[in-house]
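These are my notebook entries on a single protein chain. I set down what I looked up, entry by entry.

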Amino acid sequence: MTLNPATTTTAVQYAENFAKEYFTWKPGDEATQDRKKRLTPFLAKGLDAQAGLQTSGLKTTSTFLKAEIKHIKEMGPNRAYVTLEVFYKLGLPKEVEQPPASPPSGTDTANGDTAQAGQTPPPENTAQPPTKTIQYEPKEVSKFFVVPVGYDQNYGIYDLPKFTYIDRQTTMEADDQAKGLRAADEPYEVKENIRNFLDTFFSSFAADPKDKLGYLLSDPEHQNGLNGALHFVSVTSSEIYQSARVRQNRPVLLRRKGKRTDRSKPEQRRPQRPGK
């Protein structure tokens, strides 16, 4: 089976590079032409030079922050829809009044100042009117962005990108690990022996090398433990089940929960009692 090049990690990176240029804009003819120039290498011949963004009368700014891959859908040989979640900072324009400039020294007659001999007296009101400027209020935004990526000797955007919606809540359900099993009906002493063995097993599995695990591991394909990569602390809870498929009604441990700490951290030992 031939791999579709439009679904590879290279294609995803290409889509992210395109998204970076797409979500970078400013108002004004010069900035618009610059965006057009940056998008041109990506777009297939005949597509809108601004990749569908209406730049006429554009007032906002945009700064690309990052992109995360969400989905890839094959759309035929050498083509795919690459869906990204794009994070960008939108600049919303706001008109702000600037206070008027103070009049030059010596021209305020309201305070009783007089002109020097031979000079024309200054006007009584020299205050300048307030000026208005545009400031941009930043707002971080995220959008699900579908990039049509194609490959024909090199990568390209074969159609205009579009926006979509993806529900963030997963629809997956956890596997029922107890399915087909029933609680073990072994005597209490047997269950306790199993639970007591768990501490010995996981302590050895976490710390001991392969040659010391032979007496614990009967599976010839899995003879290696963690070899000190993690430090086992304790088993905090366990549930014991048995399966009809296991001969002689042997109990089967299905669920376990344990604490693990990084082996690189110093191990904390409990203080020993006097006389120990």
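**Entry 1. The hairpin.** How many residues lie between β3 and β4 in their hairpin, and which residue in the turn has a positive phi? I worked on a predicted model. I found 3 residues between β3 and β4, and in the turn Q153 has a positive phi of about 75°. The two strands, β3 (residues 131-151) and β4 (residues 155-157), pair in the antiparallel sense over 3 bridges.

**Entry 2. Other partners of β3.** I next looked up the remaining pairings of this strand. With β2 (residues 79-98), β3 forms an antiparallel pairing over 20 bridges. Here E97 stands opposite K132 of β3. With β5 (residues 162-164), β3 also pairs in the antiparallel sense, over 3 bridges. F144 has T164 in β5 as its bridge partner.

**Entry 3. The chain as a whole.** I counted 3 helices and 8 strands in the protein chain. Read along the sequence, their order is α-α-β-β-β-β-β-β-α-β-β. The chain has 276 residues, of which 27% count as buried. Among contacts with a separation of 6 or more, 64% are between residues 24 or more positions apart.

**Entry 4. Helix α1.** I checked the length of α1 against its number of residues. Its 14 residues should span 20 Å at 1.5 Å a residue, and the end C-alpha atoms are 20 Å apart, so the two agree. I listed the buried residues of α1 as A11, V12, Y14, A15, E16, F18, A19, E21 and Y22. The elements that cover them include α2, β1 (61-74), β2, β3, β4 and β5.

Is E21 buried or exposed? E21 has a relative accessibility of 19% and therefore counts as buried, the cut-off being under 20%. Beyond its neighbours within four places in sequence, E21 is in contact with R35, R38, L39 and F42.

**Entry 5. Helix α2.** In α2, I found T32, R35 and L39 to be buried. Why do they fall on the same side of α2? They cover an arc of only 60° around the axis, and this puts them on one side of the helix. I recalled the general rule: an α-helix has 3.6 residues a turn, so residues three or four places apart point the same way. The face of α2 turned away from the buried side carries the exposed residues D29, E30 and K37. The cover over the buried residues of α2 includes α1.

**Entry 6. T24, between the two helices.** I located T24 in the loop between α1 (9-22) and α2 (29-39). Its relative accessibility is 27%, so T24 counts as partly exposed. With neighbours within four places in sequence left aside, its contacts are R35, R38, S62 and F64. I noted that T24 and S62 are 38 residues apart in sequence, yet their C-alpha atoms are 5.1 Å apart.

Entry 7. How many aromatic pairs does the structure hold? I found 17 aromatic pairs. One aromatic cluster is formed by Y14, F18, Y22, F23, W25, F42, Y88, F145, Y151, Y155 and F163. Y22 also has a charge over its ring: the charged end of R35 sits there, 4.8 Å from the ring centre. I recorded a further case in K66, whose charged end sits over the ring of F87, 4.9 Å from its centre.

**Entry 8. Helix α3.** At 1.5 Å a residue, its 20 residues should span 28 Å, and the end C-alpha atoms are 30 Å apart, which agrees. I listed L198, F201, F202, S204 and A206 as the buried residues of α3.

**Entry 9. A183.** Last, I looked up A183, which lies in strand β6 (residues 182-183). Its relative accessible area is 54%, so A183 is exposed. Residues up to four places away not counted, A183 touches I240, Y241 and Q242. From A183 to Q242 the separation is 59 residues in sequence and 6.3 Å in space, C-alpha to C-alpha.

How values were computed
Residues are numbered from 1 along each chain as its sequence is written. This is a predicted model: local features need pLDDT of at least 70, side-chain atom pairs count only at pLDDT 80 or more; totals for chains, interfaces and linings use all residues. Side-chain values use heavy atoms; hydrogens and water are left out. Helices (H or I, at least four residues) and strands (E, at least two) are DSSP runs, numbered from the N terminus. The expected span of a helix is 1.5 Å times one less than its number of residues. Buried means under 20% relative accessible area, exposed over 50%, partly exposed in between (1.4 Å probe, protein chains only). Contact means heavy atoms within 4.5 Å. Two strands pair if DSSP finds at least two bridges between them. The arc is that of the directions from the helix axis to the C-beta atoms. Rings of Phe, Tyr and Trp (its six-membered ring) pair if their centres lie within 6.5 Å; planes under 30 degrees apart count as stacked, over 60 as edge-to-face and the rest as tilted. A charge sits over a ring if NZ of Lys or CZ of Arg is within 6 Å of the ring centre and within 35 degrees of the ring normal.
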